[in-house]
Amino acid sequence: MRSHRRTTRVLGSLLLVAAAGISSFAAAPAGDAGSSTVTPLGQIVPVPLKADPGGPGFEITAKTRIRVDRGNAAERRAGEYLADVLRPATGYKLPVTDSGGSDGIRLRISADPANKALGAEGYRVISARGSLTITSWSDAGLFHGIQTVRQQLPASLEKKTRQRGPWRIAGGTIEDTPRYAYRGTMLDVSRHFFTVDQVKRYIDQAALYKMNKLHLHLSDDQGWRIAIDSWPRLATYGGSTQVGGGKGGHYTKAQYKEIVAYAASRHLEVIPEIDMPGHTNAALASYADLNCNGVAPPLYTGTEVGFSSLCVKKDVTYDFVDDVIRELAALTPGEYIHIGGDEAHSTSHEDFVAFMEKAQPIVAKYGKKVMGWHQLAGAQPVKGAVAQYWGYDKTGAAEREEVVNAAKNGTKLVLSPADRAYIDHKYTKDTPLGLSWAGYVEVQRSYDWDPGTYLQGAPADSVMGVEAPLWSETLSTSAHLDYMAFPRLPGIAELGWSPSATHDWEKYKVRLAAQAPRWDALGIGYYRSPQVPWPAR
């Protein structure tokens, strides 16, 4: 999975998007409000499947209404969300109405063949004089279309106080659909605990770039972060600290459900992870019976890995796993539960295989599918299991082959190569935060790889998508998360969403640079990589 942490220092044929050009509005960098400039159609992140510029485009004014169909609750929710995004900076009322009319912003969910052809998350935006229409087959697609419209508007839209317009959107049509069904990011709340509000903030950032999975790393050696009624000391004692010895914390069941509901409102599915059989010191410290010798170790606040393991041969271990998975499954509407499986260095291979043979059916028992780090391939992945590959350039051929063979036998893959997708890694040797055991991960390196061909020998259809893990050994504030996630998170999002034919660093870095004013408006403190032509401040 991750920090291999040997360094433990803490501190259909798809077309290219049509070229940018818009008819009657002058082209200019994104985010330039207060003039006649407008963002060229499709010059956003992730880049859309197809953008056909043309016509005068749409302008939001004080008279604009957001129109939805009567009785359509999903359209109404999307309309209220859009209004909440637009109102603070524009200062306009922007009523959401189900009265008839062909003007204004129109939101439509429809099962007509053109929408169905774009898939469950696809959408169409038509920007014309007097009307802006977003259509989709689903509420998720409608939400993604709103994110596109949001990026087509000036960056000052993101501010919470009234700003000077005009609020123009380039004319033309965008048709868009994702390359992969799985586009995720992982937030490690175990090494350092992050509050509900901090997690919500990160959810909003991921949603802006059309990510649809939030993998929450809820347990590790340094902290257990979810209340389990049948094993209460996991949270109250095991969650009482973190890396460096801070107070830690945990989510009550109500708080976890609040995170899940908020993520769902942004069309992200939460995938909880309880790492096992290794990375379990917080649990072992909470309950002595989980240790083979019956002695609870002290709580741990360092960053070494591979020293802890559940006692594979004890029956109580599987009672523990059953109870935890049962309670977590009841709180989690998504289809996956992640059971870790990485860096179990103090567990013999024989014991690891035996443990996974018993643990995986427990996940299925409670109606969920298994996810695990790619070491799961060294056991026998059950049908429907997903292995998350975190290897990197120095990963041995035998380990890669094990994963490829599992993929050939039906195991699906999510790709998170550590020297590409680990957004907790340092950009350069001078980066004040992060780890570097897999190397330095500058912005171009993070973006410049193809998930479809990365793991040679794995069937292309075995790749479900990509995930950007954000480990928190050195990260303890939202400002830390921002600095490491941006500008790399949008690049991983584009790899998951956009067709491979659009993959071009030289073009991408220009679109990425144009996101900077939006991040400034959102209060996101990002790394100004010298590889990117950022606008002057």
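# Pairs, bonds and buried faces

Q: What makes β5 and β7 a pair, and do they run parallel or antiparallel?
A: β5 and β7 are joined by two bridges and pair in the parallel sense. Pairing requires that DSSP finds at least two bridges between two strands, so the two bridges of β5 and β7 are enough. Arg-67 stands opposite Arg-106 in β7. This is a predicted model, in which local features need pLDDT of at least 70, side-chain atom pairs count only at pLDDT 80 or more, and totals for chains, interfaces and linings use all residues. Residues are numbered from 1 along each chain as its sequence is written, and side-chain values use heavy atoms, with hydrogens and water left out.

Q: How do you know that β7 and β9 are joined, and in which sense do they run?
A: Six bridges connect β7 with β9, and the two strands run parallel. Leu-107 stands opposite Ile-134 in β9.

Q: What pairs with strand β8, and over how many bridges?
A: Strand β8 (residues 123-128) pairs with strand β9 (residues 131-136) over six bridges, in the antiparallel sense. Arg-124 has Thr-135 in β9 as its bridge partner.

Q: What makes β3 and β6 edge strands?
A: They belong to an open sheet of seven strands with mixed pairing, in the order β3-β11-β8-β9-β7-β5-β6. Strands β3 (50-53) and β6 (96-97) each pair on one side only, and that makes them the edges. Strands here are DSSP runs of E, at least two residues, and helices are runs of H or I, at least four, numbered from the N terminus.

Q: Which strands does α3 touch as it packs on the sheet?
A: Helix α3 touches β7, β8, β9 and β11 (172-176), where contact means heavy atoms within 4.5 Å.

Q: Why is α3 said to be largely enclosed by the rest of the structure?
A: Of its 14 residues, 13 are buried, so α3 is largely enclosed. Buried means under 20% relative accessible area, exposed over 50%, and partly exposed in between (1.4 Å probe, protein chains only).

Q: Which residues of α10 are buried?
A: Arg-400, Val-403, Val-404, Ala-406 and Ala-407 are buried in α10. They cover an arc of only 160 degrees around the axis, so they are on the same side of α10; the arc is that of the directions from the helix axis to the C-beta atoms. Their cover includes β19 (386-389) and β20 (412-415). The face turned away from this buried side carries exposed Ala-397, Ala-398 and Lys-408.

Q: Why is the link between Cys-292 and Cys-311 called a disulfide?
A: Their sulfur atoms are 2.0 Å apart. A disulfide is a pair of cysteine sulfur atoms within 2.5 Å, so this pair qualifies. It links distant parts of the chain: both cysteines are in the loop between α7 (281-286) and α8 (315-331), 19 residues apart.

Q: Why is the disulfide of Cys-292 and Cys-311 called right-handed?
A: The torsion about its S-S bond is about 105 degrees, so the disulfide is right-handed.

Q: Is Cys-292 buried or exposed?
A: Cys-292 has 58% relative accessibility, so it counts as exposed. Cys-311, at 5%, counts as buried.

Note on methods:
Axes are lines fitted to C-alpha atoms, for helices over the stretch in contact, and angles run from 0 to 180 degrees between N-to-C directions.
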